[in-house]
Amino acid sequence: MRPTPLAVAQATVAAGADCLVVANTWLGMAIDPKKRRPVFANTFAGLSGPAIRPLAVRLTYQVAQVVDVPIVGCGGIASASDALEFIMAGATAVQIGTMTFTEPGTMLAVIEGLRAFCEREGVTALTDLVGVANIRPIPEGAA
Ligand SMILES: Cc1cc2nc3c(=O)[nH]c(=O)nc-3n(C[C@H](O)[C@H](O)[C@H](O)COP(=O)(O)O)c2cc1C
């Protein structure tokens, strides 16, 4: 049986990790109907970008409940609001991958958006927002 992502996170920290990146891509697949064959040479390929964000936010939320090291959240971040989801789920920092290809200005826009949000909301340190939405224990069976 494969270990759950939460078990992997805990084992990684127990083995000495100083921080964790949550998450990465999710395996996907595409089939070319005309060729009747998988599109990718490896059959499966990593799906990234906005489609995976809810999955990655959920995992960040869950991992933050079981480890005590900083988490770098990533998966589909395209805006400051997206970054705030990860931060409020428990991430101390965020990473932006796919959107850098499609919209190279994303990182700067996110940084500026976070600054504007903090000003608007009277937040003096972004770290005050880390994990603020992480209020419930993991629902049973969800790991
Ligand atoms: C073109 C590309 C190359 C990637 N290469 C790596 C890699 O070498 N190692 C790794 O751990 N993750 C790799 N990733 C995954 C990203 O680091 C990131 O975890 C994932 O894409 C989700 O974030 P995003 O939706 O912001 O791209 C790669 C992603 C993309 C799109």
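These notebook entries record what I looked up in the structure above.

**Entry 1. Ground rules**

I worked from a predicted model, in which local features need pLDDT of at least 70, side-chain atom pairs count only at pLDDT 80 or more, and totals for chains, interfaces and linings use all residues. Residues are numbered from 1 along each chain as its sequence is written.

**Entry 2. Overall layout**

I found 5 helices and 7 strands in the protein. Helices (H or I, at least four residues) and strands (E, at least two) are DSSP runs, numbered from the N terminus. Along the sequence I read the pattern α-β-β-β-β-β-α-β-α-β-α-α. The C-alpha trace spans about 55 × 40 × 25 Å along its principal axes.

I then looked up burial. A residue is buried if 20 or more other C-beta atoms lie within 10 Å of its own, exposed if 12 or fewer, and partly exposed in between, with C-beta atoms placed from the backbone. Of the 143 residues in the protein, 27% are buried. I also looked up contacts, which require C-beta atoms, placed from the backbone, within 7 Å of each other. Among contacts between residues at least 6 apart in sequence, 58% join residues at least 24 apart.

**Entry 3. The sheet**

I traced an open sheet of 3 strands in the order E1-E6-E7, with parallel pairing. Strand E1 (20-22) and strand E7 (93-95) stand at the edges with a single partner strand each, so one side of each has no neighbour in the sheet. The twist averages 30° from one strand to the next. Two strands pair if DSSP finds at least two bridges between them. E1 is joined to strand E6 (residues 71-74) by 3 bridges, and the two run parallel. Val21 has Val72 as its bridge partner in E6.

**Entry 4. The nonpolar core**

I took a nonpolar core to be a set of buried Ala, Val, Leu, Ile, Met, Phe, Trp, Tyr and Cys residues joined through C-beta atoms within 7 Å. The largest such core has 26 residues, and Ala83 and Phe86 have the most contacts inside it. At least two residues of this core come from each of E1, helix H2 (53-66), E6, helix H3 (80-89) and helix H5 (106-121). I noted the general background that nonpolar side chains tend to be buried together in soluble globular proteins.

I listed the contacts of Phe86, leaving aside its neighbours within four places in sequence: Val57, Thr60, Gly73, Ile77, Ala91 and Val94.

I asked why H3 can be called largely enclosed by the rest of the structure. It is because 8 of its 10 residues are buried. Among them are Asp82 and Glu85. The buried residues of H3 pack against H2, E6, E7 and H5. After H3 comes Gly90, whose phi is positive, near 135°.

H3 and H5 pack at an angle of about 70°, with their axes 8 Å apart. Axes are lines fitted to C-alpha atoms, for helices over the stretch in contact, and angles run from 0 to 180 degrees between N-to-C directions. The two helices are therefore roughly perpendicular (65 to 115 degrees; under 35 is roughly parallel, over 145 roughly antiparallel, and the rest oblique). Ala80, Ala83 and Leu84 in H3 meet Val110, Gly113, Leu114 and Phe117 in H5.

**Entry 5. Val110**

I followed Val110, which is found in helix H5. Val110 is buried, with 21 other C-beta atoms within 10 Å. The C-alpha atoms of Val110 and Ala80 are separated by 4.3 Å, although the two are 30 residues apart along the chain. Not counting residues up to four places away in sequence, Val110 touches Ile77, Ser79, Ala80, Ala83 and Ile96.

**Entry 6. Backbone exceptions**

Most residues other than glycine have a negative phi, and most peptide bonds are trans. I recorded a cis peptide bond between Val22 and Ala23, with omega about 10°. Ala23 lies in the loop between E1 and strand E2 (26-29).

Arg36, not a glycine, has a positive phi of about 60°. Arg36 is placed in the loop between strand E3 (31-32) and strand E4 (37-38), and it counts as exposed with 7 C-beta neighbours inside 10 Å.

Thr43, also not a glycine, has a positive phi of about 70°. Thr43 is placed in the loop between E4 and strand E5 (44-47), and it is exposed with 12 other C-beta atoms within 10 Å.

Definitions and conventions
Contact = placed C-beta atoms within 7 Å.
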